[in-house]
Amino acid sequence: MHLLKDPVEARLLQAALELLAERGYRGATTKEVARRAGVSEVTLFRRFGRKEALFRRALSSFVPPGFLERLPGEGVSLEEGLMRLLQAYLGLLEAHRALFLKLLPELLRHPELKGEGPPEGLRAAMERVVGFFRAHQGQGGLREDEPAEELALAFLGPLLARFLLGEVLGVGMPLDPAAYVRGYLEGRYGPRRGSHA
C-alpha cells in the first residue's frame with residue numbers, strides 16, 4: 001500500500017483491505033474496519049462518507065510502496081524490462097494472493113467497487129507498463145501492428161492465468177522466467193510463419 005502521511009487513514013485502508021480479503025465486501029462491515037484500525041466508526045464515516053467510498057479508496061491504495069519504481073521505464077532494454085515486469089507483477093500477485101482471489105468474484109457481485117475505472121494505483125502502473133511497450137514499438141523492438149495495450153496484455157495475461165490456475169485449481173506449472181520472456185519475444189517480433197529470409 002502507498003505510504004500515507006495520515007496514519008489513521010492508512011490504518012483504515014489497511015483494515016478495509018484485510019477484511020475484504022477475509023470476509024468479502026458484504027462481510028467487511030464498517031464497524032469491524034473501524035475496530036481493527038483502532039478508531040471509532042464515526043471517524044471512519046467522517047473521512048470516507050460511506051462504505052463504498054472507503055473500499056474504493058482502499059482498492060486504489062493497495063499497490064505496495066515502491067511498486068511503480070520496480071516497473072521498467074521507457075529507457076530500459078526490452079529483454080531486461082520484460083524480466084523486471086515479470087518479477088514485479090508476480091511479486092504483486094503473491095503479496096496480495098488472498099485479496100486477488102477474493103476480489104475477482106467480489107467485483108462481479110459488487111460492481112460499485114469498480115467505480116469509473118481501475119483503481120488509481122493499478123491505473124498508474126498500467127500507464128507505465130503500456131508506455132514501456134509503446135516506447136519499444138517506436139524503437140522497432142516490438143511489432144507496430146498491435147496497440148501497445150494488447151502487447152502488454154499478451155505478456156501479463158498468461159502470468160495471471162498461471163497464478164489463478166495454481167491457486168484455485170492447484171495446477172502446478174513451473175515457470176522459467178527467461179524462457180517465458182524469450183517465448184514472448186519470439187512470438188512478438190520473431191520471424192513470421194511462411195516468411196522467407
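Modeller: Happy to! Let's begin with the largest pocket, whose volume is about 750 Å³. Keep in mind that this is a predicted model.

Biologist: Nice. Which residues are the closest to the centre of the largest pocket?

Modeller: Those are Tyr89, Phe100, Leu122, Met126 and Leu160, out of 28 residues that line the largest pocket.

Biologist: And which elements give two or more residues to that lining?

Modeller: Four helices do: α6 (78-95), α7 (97-109), α8 (120-138) and α9 (148-169).

Biologist: Which one gives the largest share?

Modeller: That would be α9, with six residues in the lining.

Biologist: What size of box do the C-alpha atoms fill?

Modeller: Along the principal axes, the box is roughly 70 × 35 × 25 Å.

Biologist: What percentage of the residues is buried?

Modeller: Of the 197 residues in the protein chain, 41% are buried. As for the surface, the chain exposes about 10,900 Å², and 55% of that comes from carbon and sulfur atoms.

Biologist: Changing topic: how far apart are the mean positions of the positive and negative charges?

Modeller: They are 6 Å apart, taking 28 positive and 25 negative charges.

Biologist: Last one, on contacts. What share joins residues at least 24 apart in sequence?

Modeller: It's 67%, counted among contacts between residues at least 6 apart in sequence.

Note on methods
Residues numbered from 1 in each chain as written. Predicted model: local features only at pLDDT ≥ 70, side-chain atom pairs only at ≥ 80, totals over all residues. Heavy atoms only, no water. Buried < 20%, exposed > 50% of the residue type's maximum accessible area, 1.4 Å probe, protein only. Contact = heavy atoms within 4.5 Å. Areas by Shrake-Rupley, 256 points an atom, 1.4 Å probe, with all protein chains shown as cover. Lys, Arg positive; Asp, Glu negative; His and termini not counted. Charge placed at Lys NZ, Arg CZ, Asp CG, Glu CD. 1 Å grid on protein atoms, 1.4 Å probe; cavity = no way out; pocket = protein on both sides within 12 Å on 5 of 7 lines; lining within 4 Å. Points joined across faces, edges and corners; volume = space filled by probe spheres on them.
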